[in-house]
Amino acid sequence: MGEIYSTAVAVAIVFKTPIGLTQERLDHVTRSIEGALDMYREESWQEDGQKWQIGQRRRCLKDAMDCLEHLTRSPWATRVWTLQEFVLAQATIWIGEDLIPLRINEELLAAVPDICETLDIAECIMGRYGVLYHHYRGMAGARLKLIDRTRVMELLGNRKATEAVDEVFGTMAASGVVVEQQDVESKEEAWRLWWEKAVREGHIRWALLPPTSPPLGTSLHQGYPTFNCAMPPFSTRHLASSGSGLDKVDPLGPVSVKDGVVTMPGRWVGVCRITCRLGRIYEDAKGLLHRDMTLILFANNSWTRSLRVARAFGGGRYTRKQILIIAQLLKHNFYRAKLAVLSRKEDDFRPLFKNTYYQFLWSDFMLLQTTHIVVMNEAVAFLAEVQNEEHSADIVIAIGANETPSGTLLAIDFGARNTSDRLVLTIVEIADEDLSWEVAARRPSPSLHKVGVTAAVEITDPARAKKYSAIALSDSNTYPFSMGGRSCFRCGSGHPRAKDGIPDKTAFEPLRDQEIDHKKRRLLMWRMRQQRHAITKPGFQGSLSHSNKRKRRQKKIVIRRRVEI
């Protein structure tokens, strides 16, 4: 079937329902957002993004989403085999019940949802546009070759097939990795065969994805564990892949896969020490994720925590002074964010800024999180410190909701870079805490247990790492590391989980479910006014408590000098 679709002159996509669009309207909408498409192609979000967030241009984006939404009213995009015919087609013609052919620029299907999500156009995110985000966006990206070819397999998680194994075999031709053995009994076994062949051929991104939340119990099936820490579970593979921020990852050397164990070269970055649990991305009652409120609530109104969160989520992009400004904004908007959560008015939340530079820096910081924070979509975030002989730095680790790592953790660089060209490190656990990382790396069995991944980081020289809160390497050589599979000291034994798992619940769910009475509301509003006064008054440089202490010390010195005179 793959050869038929790829060699056809055109593929006609016929709906049994009316599309409700005309070619004139489609052409008009395309012309009206041409500037936004240029911004999307050139990634000039900072230069041009703000003007598309307001006024007539914002309405043009809404009109474009309304046009594309007409295509989602048919169940065509929810089937497995239709994905292959669309991705492999040389050209497509869309035909509705009225038999009027339409030519649609497929770039719109990929670009417009991305633009609305990046610029936070709230009225165009999810809701009735959900099928555009979950089905059409990835499908168009695969067709236009905007994403790695094997990522076609992540688009199957929300599609259906009559035969269960067709959920894997239905798009193998489009992925470029074809499994010859197709007489398998289950879709899980078909997925394992495809995954092993893809990783063996160098598509190692599939072994470096962030964790999801599989069941606590595992068992062995035909000699293989049903859970392999290096392989995303079949039921959640699309969530892990789409939330990784990774596209194509080139291995640093030869890769081998045997009995589910992945052996590939990597660079040792340092030993990790988890310092505190942050939680999950805040999700409101409508199912919308709020990145800004998440980071503010992570800071927990603590100046020390705010600094560490700013450094960890900054990814080595900001100077010390800029980190201080971001930490101020995290701390002094806490009660604002908390009041918005308790009042269930998340859409009305706006951080308070001292001046336009603070606002510009915060906008840049939030834009960075569109690619950095995605690894936490299905995982729990932990604040950690990575340390080697050269340097130590704060990082964020995304760990599965049921994981409770208790052993020695290592950060390893396998060459994975996200779409912002920053490194995503893999966090593994050593079986024997007394072993050094050199011995653990050279010992093929038991293999290392993959715990999670980090948010994006930057690795640079020691001088720059100290200035920008980045990471410096003490050893740039590569070593072979074995991870997951049958010889993993957790997965291979059928017990990959520790005794006490972390509850799989959004960290801020209890906060949202709290009832807020009149007295508590008045107290939060009073604290919010105190923080607003702190961040907007002239000459403010640090946290409120530090500023008051400094003023009291200066006043005592002046009084003492007067007495001496």
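## Burial, cores and local geometry of a predicted chain

Buried residues account for 56% of the 565 residues in the chain, where buried denotes under 20% relative accessible area, exposed over 50%, and partly exposed in between (1.4 Å probe, protein chains only). This is a predicted model, in which local features need pLDDT of at least 70, side-chain atom pairs count only at pLDDT 80 or more, and totals for chains, interfaces and linings use all residues. Residues are numbered from 1 along each chain as its sequence is written, and side-chain values use heavy atoms, with hydrogens and water left out.

### Overall organisation

The chain contains 22 helices and 15 strands; these are DSSP runs numbered from the N terminus, helices being H or I with at least four residues and strands E with at least two. Its accessible surface is about 25,700 Å², and carbon and sulfur atoms contribute 50% of that area. Accessible areas come from the Shrake-Rupley method with a 1.4 Å probe, and for residues only the protein chains shown count as cover. Among contacts (heavy atoms within 4.5 Å) with a separation of 6 or more, 75% join residues 24 or more positions apart.

### Nonpolar cores

In soluble globular proteins, nonpolar side chains tend to be buried together. A nonpolar core is here a set of buried Ala, Val, Leu, Ile, Met, Phe, Trp, Tyr and Cys residues joined through side-chain atoms within 4.5 Å. The largest such core has 87 residues, and Trp194, Trp195, Phe313 and Met376 have the most contacts inside it. Helix α11 (residues 187-200) supplies the largest share of this core, namely seven residues. A second, separate core comprises 55 residues, including Leu119, Cys124, Tyr129 and Ala174.

With residues up to four places away in sequence not counted, Phe313 touches Leu278, Leu295, Phe298, Phe365, Leu368, Gln369, His372, Ile373, Met376 and Val396. Leu295 and Phe298 are among the buried residues of α13. Helix α13 (residues 291-299) is largely enclosed by the rest of the structure because eight of its nine residues are buried. Those buried residues are Asp292, Met293, Thr294, Leu295, Ile296, Leu297, Phe298 and Ala299.

### The α2 and α5 pair

Two packed helices are described by the angle between their axes and the distance between the axes. For helix α2 (residues 23-32) and helix α5 (residues 55-69), the axes come within 9 Å and cross at roughly 145 degrees. Axes are lines fitted to C-alpha atoms, for helices over the stretch in contact, and angles run from 0 to 180 degrees between N-to-C directions. The crossing of α2 past α5 is left-handed, a term that applies if the near helix is turned anticlockwise from the far one by less than a right angle, with right-handed used if clockwise.

On the α2 side the contact involves Arg25, Val29 and Ser32, and on the α5 side Cys60, Asp63, Ala64, Asp66 and Cys67. By class, this contact has four nonpolar, one polar and three charged residues. In this classification Ala, Val, Leu, Ile, Met, Phe, Trp, Tyr, Cys and Pro count as nonpolar, Asp, Glu, Lys and Arg as charged, and the others, Gly among them, as polar.

### Selected positions

| Pair | Separation in sequence | C-alpha distance |
|---|---|---|
| Ala340 and Arg350 | ten residues | 9.5 Å |
| Ala230 and Lys450 | 220 residues | 6.2 Å |
| Gly176 and Val152 | 24 residues | 9.4 Å |

Ala230 is located in the loop between β5 (224-225) and α12 (237-242) and counts as buried because its relative accessibility is 0%. Beyond four places in sequence, Ala230 touches Trp195, Trp206, Ala207, Val262, Lys450, Met483 and Gly484. Ala340 belongs to helix α16 (residues 334-342) and is likewise buried, at 9% relative accessibility. Its contacts, leaving aside neighbours within four places in sequence, are Met293, Lys345, Glu346 and Phe349. Gly176, in the loop between α10 (172-175) and α11, is partly exposed at 41% relative accessibility.

Arg344 is placed in the loop between α16 and α17 (356-372) and is partly exposed at 46% relative accessibility.
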